[in-house]
Amino acid sequence: MDYDRIIAVSNDKTVYHHGDKRIKAYALKEGFVYALEEALKTAKVLNKTQLRVPPIYSVTANEKGVECVGEFIEGETLLLILKQDLTNYKSVIDE
C-alpha cells in the first residue's frame, strides 16, 4: 500500500501519515510483539486516564512485516512538550 507521507523513521520501523490514520510499519516479524504491546498500553491509557491518546484500530502481519494502524491526531508529542519546560516535567508525567 502507498501512504501519503513519512513522519518518522527509526532502525526497526517507519511511521506514515495516511489520511486520518497513522501507520507504524515494523520491518521485522518480531515487530508483531512490539505492535501488540503498543496496542495494549494504548488501550490501558484510553480506559484509565483522560489523556488525548490516539486509539489503535488494528495490528496486522504481512509478508513485509507488521503494521500498527491508529488514528492520527495533529499536535505536539509528549517529548516536545517536556522539552519546552523541563522544570515542570514531573507534573506533566504525573498527569
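Which residue of S5 is the bridge partner of Tyr26? The bridge partner of Tyr26 in S5 is Val66. The structure is a predicted model, in which local features require a pLDDT of at least 70 and side-chain atom pairs count only at pLDDT 80 or more, while totals for chains, interfaces and linings use all residues. Residues are numbered from 1 along each chain as its sequence is written, and side-chain values rest on heavy atoms, with hydrogens and water left out.

Five strands form an open sheet in the order S1-S2-S3-S5-S4, with antiparallel pairing. At its edges lie strand S1 (5-9) and strand S4 (56-62), each of which pairs on one side only. From one strand to the next, the twist averages 20°. Strands (E, at least two residues) and helices (H or I, at least four) are DSSP runs numbered from the N terminus, and two strands pair if DSSP finds at least two bridges between them.

The individual pairings may now be followed across the sheet. Strand S2 (residues 13-18) is joined to S3 by six bridges, and the two run antiparallel. Within this pairing, Tyr16 stands opposite Ile23 in S3. S2 and S3 form a hairpin with two residues between them, and Gly19 in the turn has a positive phi of about 65°. On to the next pair, S3 and S5 are antiparallel over six bridges. Five of the six residues of S3 are buried, so this strand is largely enclosed by the rest of the structure; buried means under 20% relative accessible area, exposed over 50%, and partly exposed in between (1.4 Å probe, protein chains only). S4 and S5 are likewise antiparallel, joined by six bridges, and Ser58 stands opposite Val69 in S5.

Helix H1 (residues 31-48) packs on the sheet, touching S3, S4 and S5, and its direction makes about 170° with that of S4. Axes here are lines fitted to C-alpha atoms, for helices over the stretch in contact, and angles run from 0 to 180 degrees between N-to-C directions. Contact means heavy atoms within 4.5 Å.

Two residues show the surroundings in detail. Tyr16, in strand S2, is in contact with Tyr3, Arg5, Ile6, Ile7, Lys21, Arg22, Ile23 and Ala25, leaving aside neighbours within four places in sequence. Tyr16 and Asp4 are 12 residues apart in sequence and 7.1 Å apart in space, C-alpha to C-alpha. Pro54 is placed in the loop between H1 and S4 and, at 25% relative accessibility, counts as partly exposed. Beyond its neighbours within four places in sequence, Pro54 is in contact with Thr42, Glu71 and Ile73.

The second largest pocket has a volume of about 220 Å³. On a 1 Å grid over the protein atoms alone, a pocket is an open set of points where a 1.4 Å probe fits, with protein on both sides within 12 Å along at least five of seven lines; lining residues have an atom within 4 Å of a point. This pocket is lined by 11 residues, of which Tyr3, Ala25, Asn62, Lys64 and Glu67 lie nearest its centre. Strand S3 (21-26) and strand S5 (65-71) each supply at least two lining residues, and the largest share, three residues, comes from S5. The lining divides into seven nonpolar, two polar and two charged residues.

Methods. Points joined across faces, edges and corners; volume = space filled by probe spheres on them. Nonpolar A, V, L, I, M, F, W, Y, C, P; charged D, E, K, R; others polar.
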